[in-house]
Amino acid sequence: MTETLDELLDILIAPHATLRAKARPVGPADDDVVRALLPRMFTTMYKAPGIGLAAPQVGHSLRVAVVDLMPDDKPVPIAMINPEIIRQSTDLATREEGCLSLPGQYADVTRPAVIRVRYHTPSGERAELDADGLLGACIQHEIDHLNGVLFVDHISILKRNMLMRRLAKDQKAKRQ
Ligand code: NI
């Protein structure tokens, strides 16, 4: 293997079948893959730049996601293995979302305002985190990716079709 830990990964752009697949849970046999993948996912996310990245977006259909809101421009990396939302508020919050797999496209998305997420850390410990605001939305967005769901699935069909057409047009223009 000649891959280095800081090598950038290619981010899949919608529509891509891997982005629509339900990712499988990480098991003990995946340890080496996940250990190699995580640093590269962070590097790829920071470089993009983005605040969240899920493994299916870089072609690995595994339940792994990384998040970093970089509060005060300082890294606060969160790596989540097999994350699941175990509580969510009935209160909703709406904020504009984008996605590295739908570059240049943004829409207002409404989600539960507060969530509790349970996951395993890269060292195998179980962790729980209560999140609201941008972090709450970001974690929900990344867990959606693990279920083959994109933020555009939360908006009207009309808006979604418009956005996907615009994305396809942008991507075609980029290739020319
Ligand atoms: Ni995304």
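Me: How exposed is M70, and what is its relative accessible area?
Reply: In this predicted model, M70 sits in the loop between β2 (64–67) and β3 (78–88). Buried means under 20% relative accessible area and exposed over 50%. M70 falls in between and is therefore partly exposed, its relative accessible area being 30%.

Me: Which protein residues are donors of the nickel ion?
Reply: The donor atoms lie 2.1 to 2.2 Å from the nickel ion. Along the sequence, the donor residues follow the spacing C-x41-H-x3-H. They are C99 (SG), H141 (NE2) and H145 (NE2).

Me: Where do H141 and H145 both lie?
Reply: H141 and H145 are four residues apart, about one turn of the helix. H141 has 6% relative accessibility and so counts as buried; H145 is buried too, at 1%. The element that holds both is helix α2 (residues 133–146).

Me: What is omega for the cis peptide bond that joins A14 and P15?
Reply: P15 belongs to the segment before α1 (31–47). The bond joining A14 to P15 is cis, and its omega is about -5°.

Me: In which loop is P49 found?
Reply: The peptide bond from A48 to P49 is cis, with omega near -10°. P49 is located in the loop between α1 and β1 (52–54).

Notes
Residues are numbered from 1 along each chain as its sequence is written. This is a predicted model: local features need pLDDT of at least 70, side-chain atom pairs count only at pLDDT 80 or more; totals for chains, interfaces and linings use all residues. Side-chain values use heavy atoms; hydrogens and water are left out. Donors are N, O and S atoms within 2.8 Å of the metal (3.2 Å for Na, K and Ca); water is not among the atoms, so sites may look incomplete. Helices (H or I, at least four residues) and strands (E, at least two) are DSSP runs, numbered from the N terminus. Buried means under 20% relative accessible area, exposed over 50%, partly exposed in between (1.4 Å probe, protein chains only).
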